[in-house]
Amino acid sequence: MGIIVCRVDDRLIHGQVATSWIRGNNIEVVVVVDDRIAKDATQLSILKVAAPAEVKVYAQSVEKFTEKYKKGILDKYRTMLVFENVYAPLALVENGIPIKTLNLGGMRFKDGRKQITKALSVSEEEERAIHKLHELGVDLEHRQVMADNKVDVMTLL
């Protein structure tokens, strides 16, 4: 058990995440790892409502999650990590957290980003972070739901 799924999705927890990723992997705990969201009680309340009722939802800073992970607190739970962007998972990997696969599911287009797929857009800085994750041995895939075919993100950049 432990970390089962890691996903970057700027919408965090929503229908696709709840039905496909959480239920499809029998996830027991979802941790949104994000320094800003960890301080926002209102946002956390909204995320808890969006998740299935039986799933525990937490928001933690990169530092706090790293500390708790290294203590083994999540070892006995099927855990999903959700990130708003690629910087938090990069920080975790650089802090020794073993992320084998990172799903880049939803990074919407906005100014300063180039569109790669319908659901995936990246800035130059985000692209550098993605390359760094790849260099650190993280398998980067793109798919919106589990039933979609995995696409190697590195072939899209």
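View 1. Asn103 stands opposite Glu141 in S8, and Arg7 stands opposite Asn103 in S5. The model shown here is predicted, with local features requiring a pLDDT of at least 70, side-chain atom pairs counting only at pLDDT 80 or more, and totals for chains, interfaces and linings using all residues. Residues are numbered from 1 along each chain as its sequence is written, and side-chain values use heavy atoms, with hydrogens and water left out. Strands are DSSP runs of E with at least two residues, and helices are DSSP runs of H or I with at least four, each numbered from the N terminus. S5 and S8 run parallel and are joined by 3 bridges, while 3 bridges also join S1 to S5, again in a parallel arrangement; two strands pair if DSSP finds at least two bridges between them. Because 5 of the 6 residues of S5 are buried, this strand is largely enclosed by the rest of the structure; buried means under 20% relative accessible area, exposed means over 50%, and partly exposed lies in between, with a 1.4 Å probe and protein chains only.

**View 2. Helix H1 and the elements that cover it.** Helix H1 spans residues 15-24, and its buried residues are Val17, Ala18, Ser20, Trp21 and Ile22. An α-helix has 3.6 residues a turn, so residues three or four places apart point the same way. The cover over the buried residues of H1 includes strand S1 (2-9), strand S2 (29-33), helix H2 (41-50), strand S4 (78-83), strand S5 (101-106) and strand S8 (139-142).

View 3. Most residues other than glycine have a negative phi. Leu12, in the loop between S1 and H1, has a positive phi of about 60 degrees although it is not a glycine. Asn26 lies in the loop between H1 and S2, and its phi, near 50 degrees, is likewise positive in a residue other than glycine. Leu12 is buried, with a relative accessible area of 2%, whereas Asn26 is exposed, with a relative accessible area of 55%.

**View 4. Gly2 and its surroundings.** Gly2 is found in strand S1 and counts as buried, at 6% relative accessibility. When residues up to four places away in sequence are not counted, Gly2 touches Leu74, Asp75, Tyr77, Arg78 and Thr79, where contact means heavy atoms within 4.5 Å. Ser61 is 59 residues from Gly2 along the chain, and the C-alpha atoms of these two residues are separated by 18 Å.
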